[in-house]
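Subject: Structure for your review

Dear colleague,

Please find below the structure that I am handing over to you. My notes on what was found in it follow.

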Amino acid sequence: MIIVIGCGNLNRQDDGVGVEVIRILRQRDLEGPDVKLLDAGTDGMSVMFAARGCTSLIVVDASKTGVTPGAIHEVPGTVLERPYVPGLNLHDFRWEAALYAGRQIFREEFPKDVTVFLIEAAELGFGIGLSHDVSSSAVQVSRRVEVLISERLAKVPA
């Protein structure tokens, strides 16, 4: 089972890029018995529980690190896992903490194969719609995710 999870808030402009990638992948009819697509919004717990029992997990989210808007980073999930640090907002138990917690709680039931795509945001203020550069990157990431899904499905014994 391969699970692709898009994270983000559609009401915060480019923060919705993970959700947009899921929308694009659904239009390509990729979902089936071996592939699940999930719009997790900003719910890190959803990431943790959805990943339990899958063999491959792909997470897509926005980032804001100061590099060129639309830049795409493909990173192994183990590099980004972090323990949960409590905060005072809805965004504080994020997917990074969910990866760490899921691995601690579910152990061998949690996927070892985790890939994260981070797309650099231009705008994160209130508003609907992606900026041009981020929208283009969402299409590129969706194509790359489609390739990863095909590669992983090809490895599964018949």
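In what order do the elements of the protein chain run from the N terminus on? The order is β-α-β-α-β-β-α-α-β-α, which comprises 5 helices and 5 strands. Helices (H or I, at least four residues) and strands (E, at least two) are DSSP runs, numbered from the N terminus.

Two remarks on conventions come before the details. This is a predicted model, in which local features need pLDDT of at least 70 and side-chain atom pairs count only at pLDDT 80 or more, while totals for chains, interfaces and linings use all residues. Residues are numbered from 1 along each chain as its sequence is written, and side-chain values use heavy atoms, with hydrogens and water left out.

**The chain as a whole**

Of the 158 residues in the protein chain, 46% count as buried. Here buried means under 20% relative accessible area, exposed means over 50%, and partly exposed lies in between (1.4 Å probe, protein chains only). The chain exposes about 8,100 Å², of which carbon and sulfur atoms supply 56%; accessible areas come from the Shrake-Rupley method with a 1.4 Å probe, and for residues only the protein chains shown count as cover. Among contacts with a separation of 6 or more, 76% are accounted for by residues 24 or more positions apart, where contact means heavy atoms within 4.5 Å.

**The sheet**

The 5 strands form an open sheet in the order β2-β1-β3-β5-β4, with mixed pairing. Two strands are taken to pair if DSSP finds at least two bridges between them. The edges are held by β2 and β4 (72-76), each with a single partner strand, so one side of each is left without a neighbour in the sheet. From one strand to the next, the twist averages 20°.

Strand β1 runs parallel to β2, to which 6 bridges join it; Ile-3, for example, has Lys-36 in β2 as its bridge partner. Strand β1 also runs parallel to β3, with 5 bridges between them, and Ile-2 stands opposite Ser-56 in β3. Together, β1, α1 and β2 make a right-handed β-α-β unit. A crossover is right-handed if, with the strands pointing away from the viewer, the path from the first strand over the helix to the second runs clockwise.

Helix α1 (residues 17-27) is largely enclosed by the rest of the structure, because 8 of its 11 residues are buried. Those buried residues are Val-17, Gly-18, Val-19, Glu-20, Val-21, Ile-22, Ile-24 and Leu-25. Their cover includes β1 (2-7), β2 (35-41), β3 (56-63), β5 (113-120) and α5 (132-155).

Gln-13, in the loop between β1 and α1, has a positive phi of about 50° although it is not a glycine. Asp-29 lies in the loop between α1 and β2, and its phi is likewise positive, near 60°. Asp-29 is exposed, with a relative accessible area of 68%.

Which residues does Gly-102 contact, leaving aside its neighbours within four places in sequence? They are Met-48, Arg-107 and Phe-110. Gly-102 belongs to helix α4 (residues 95-106) and is buried, with a relative accessible area of 0%.

Helix α5 lies across β1, β2, β3, β4 and β5, running at about 170° to β5. For such values, axes are lines fitted to C-alpha atoms, for helices over the stretch in contact, and angles run from 0 to 180 degrees between N-to-C directions. Ser-137 lies in α5 and counts as buried at 4% relative accessibility. Beyond its neighbours within four places in sequence, Ser-137 is in contact with Gly-70, Ile-72 and Ile-119.

**Cysteines**

A search of the whole structure finds 0 disulfides, a disulfide being a pair of cysteine sulfur atoms within 2.5 Å. Cys-7 counts as buried at 4% relative accessibility, and Cys-54 counts as buried at 5%.

With kind regards
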